[in-house]
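Welcome to my notebook. I opened a new model today and jotted down what I looked up, step by step.

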Protein chains: 2
Amino acid sequence: MAEIIRSVKGTRDFYPENMAVRRWIFDKIREISTLFGYEEYEGPCLEFIDLYAAKSGEELVKEQAFVFSTPGDDLLTLRPELTPTLARMVAQQQYNLVYPLRWWSIGPFWRYEKPQRGRTREFYQWNIDLIGTKAIAADAEIVTIAAMFLKEIGFSPEQVRVYVNNRRLMDRAFSELSIQNELKPTVFRMVDRMEKMRVNEWHVYATDGGLSKEQADGLLKLVENDLLWHDSPELVELFKLIEIYGVADYVEFNPKVFRGLDYYTGTVFEAFETGGKSRSILGGGRYDNLVAAVGGDPLPGVGFAMGDVVIELALRDAEAIPEGLGDQAQVLVTVFDDERVSESLRLATEIRNAGYRVVFYPEADKLGKQFRFADKLGIPIVVVLGPDEIETGSVALKHLKTREQVTVKREMLLDQLGKFLLS
Amino acid sequence: MAEIIRSVKGTRDFYPENMAVRRWIFDKIREISTLFGYEEYEGPCLEFIDLYAAKSGEELVKEQAFVFSTPGDDLLTLRPELTPTLARMVAQQQYNLVYPLRWWSIGPFWRYEKPQRGRTREFYQWNIDLIGTKAIAADAEIVTIAAMFLKEIGFSPEQVRVYVNNRRLMDRAFSELSIQNELKPTVFRMVDRMEKMRVNEWHVYATDGGLSKEQADGLLKLVENDLLWHDSPELVELFKLIEIYGVADYVEFNPKVFRGLDYYTGTVFEAFETGGKSRSILGGGRYDNLVAAVGGDPLPGVGFAMGDVVIELALRDAEAIPEGLGDQAQVLVTVFDDERVSESLRLATEIRNAGYRVVFYPEADKLGKQFRFADKLGIPIVVVLGPDEIETGSVALKHLKTREQVTVKREMLLDQLGKFLLS
């Protein structure tokens, strides 16, 4: 046998058992998104590099994205994220859309990164955004959607947490430590690294980075202050609303959460397993200027994105993936011998027309083999139409799980199937 | 206002109203695929160019596909079709899978072609295959699935037709015209061009291409012979089974159908609008050697693919796209004034927890504006909780379509909503 051509590193093959898990997650995403009245949209997978360069600079895009040129010599990108496309689509129809705008989407994305646990080069991402309002109730709604999704897919509040912070709050706190505005983006990154370093090590790193000893100490104290949110009227209001939404046990203030992206202006949040070592499950926040960055007029918004890779790992960690996912067939109609093909097919069609998911075994074969086929595929009910059954106008059914076997008149078949499927 | 960065030629933005149509088509695809017991799978969007070169030659792939190199210098392709990926996935697990294998998939594909009516550079495609059996009942099942889909999505047999032919039948007929084996692939293409040329013109083209005058005449007669299928035991059996499946009025023999791809070995079929000038809606056939081409052992199979662009045009032509697609919210909960935000949000959460799709207006605003917002989004029911309602423990509802308006006690709200949604 020749060698099989290999697949591309960082991509995934979804065999039916993997696809059933993905489908279950996607269906839950759809359910929660539509429950809050969000409308589904989708952009292209291919965009011009300029779209991302406008937000993050061309060099950064080239490093993290699949970029290639077409015969026309334009630089195209396999989208690494959806937000710039969302901004473009909103800008194009800015004065025809109805605000506040609630949109959600799920589709494939690509990043040229080193594949590792929780990170693939090709992945799927859920995006959900509420655009056109500065109301803090919008922030609360988006955070609630994240929490509700985690709850409804099967995590307990002990297993996952949505950590919330506010950029404006931190900005003011930094100013109180006399940190200059120019240094603030660096300080955001410094805080981000606290978890990954020992205190002494971090202290050296922070002072090397331009902070005074006092500022570094102040920062260390700041991010341990779990009550800091009392100083933020926005967060006070947000947590009040989260309480009313009924998801307060999934949401927690955390002054260490900043989010990497520069365009966030207020609320920022990330969800993690509480166990703690995995990557973030989802993340988002409020932005005020996205549409303007691609050529539209400024529009405030709040939203988040969730990849499919980390959530699936977290669900596996939590043993929260149900058994028996997928739309397996309910009935296998066997073929007794070559003369019985038409009659068996007629029966299969009859059952399918009644709305059942039916597999028809396409040729005569040993019945034992056909039964094993059903068993391996998890099809619970097998129907046999042999010469005896045809002569007596009846049909034999076997339930492969309960091992129950009955022969009924043809006209009673659908009744019996219904009973079997309930058992 | 700056110029908005444009989208890439041949790609599509799916705003919610477009997405709702796409979602409706995809849901119908899922429904029919699972009704016949097929399992969903999906491959990567990125594959090595070798995978396609094995089937169609590297040059052809480079002309028709988006090809680019990675820093590692491998040539990657944005998949132009799924069949080679299917073959690779089956080959990788060839002796662990259960046959006959029924798999279906839907996802994005890319071809570097000139965008025009019915053809985009980025499109979605449904693939469905039955692998591991040579039984003609398998061919009949796949043709039936195509016909059933067209029927269930709303086409009448007068509007669309699945045209079926058999490569072996045509091969024998060509031999009877003393056409050499080497010339047969060329002759397939010649027949394909008959529809597009006048008879005289075609006759010149065919004889220039290597046919004798008699062979060209014979070919013209051959493809007008609607009874030719009686000479094919496979087609005779196929049409018998199609009759039992109950879709005979959607399926018809057509000796001009060949399909472009060389790998088909028996049954071939394509669906068209009967009106006739559009591209084919879907196409497929039987193949015997696909898995072997990527390094596995030979496995017979039959399947088809359908893009999302032509089917949508055909549905629009047939005026078969229903009104009101999409998962619109059912209820808007308004916010009377700033003091009533929490109370209104509590109400919205209560209604949502009962399973309704609810939009919460995120801030106090003129009620008229909030009503117009619901109207524009097609949300049928608006709920108002003003000071009077709060004082009397009641809530006001308005049905925007029937203009009916009632005030009920809070505990009767869900009952009233149920009644409104039925009206």
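My entries on the interface, a sheet and one leucine follow.

**Ground rules.** I am reading a predicted model, where local features need pLDDT of at least 70 and side-chain atom pairs count only at pLDDT 80 or more, while totals for chains, interfaces and linings use all residues. Residues are numbered from 1 along each chain as its sequence is written, chains are lettered from A and ligands numbered from 1 in the order in which they are written, and side-chain values use heavy atoms, with hydrogens and water left out.

**Entry 1, the interface.** I began with how many residues of chain B are in contact with chain A. I found 92 residues of chain B in contact with 92 residues of chain A; contact means heavy atoms within 4.5 Å. Next I looked up the area: about 8300 Å² is buried between chain B and chain A, 65% of it on carbon and sulfur atoms. Buried area here is the accessible area (1.4 Å probe) that two parts lose on being put together, summed over both. Ile5(B), Tyr15(B) and Ile244(B) supply 8% of the area that chain B buries against chain A, more than any other three residues.

I noted 6 salt bridges between chain B and chain A, each a side-chain nitrogen of Lys or Arg within 4 Å of a carboxyl oxygen of Asp or Glu. Arg30(B) and Asp327(A) form a salt bridge, at 3.9 Å from N to O. On the side of chain B that touches chain A, helix 1 (residues 16-35) of chain B gives the largest share, 7 residues. Helices are DSSP runs of H or I with at least four residues, and strands are runs of E with at least two, numbered from the N terminus.

I then traced an open sheet of 8 strands in chain A, with mixed pairing and the order 1-5-6-11-10-9-7-8. Two strands pair if DSSP finds at least two bridges between them. Strand 1 (39-40) and strand 8 (251-253) of chain A stand at the edges with a single partner strand each, so one side of each has no neighbour in the sheet. Strand 10 (residues 282-287) and strand 11 (residues 301-307) of chain A run antiparallel, joined by 6 bridges. Gly285(A) stands opposite Gly303(A) in strand 11 of chain A.

Leu220(A) lies in helix 9 (residues 213-222) of chain A. Leaving out residues up to four places away in sequence, Leu220(A) touches Met194(A), Val199(A), Trp202(A) and His203(A).
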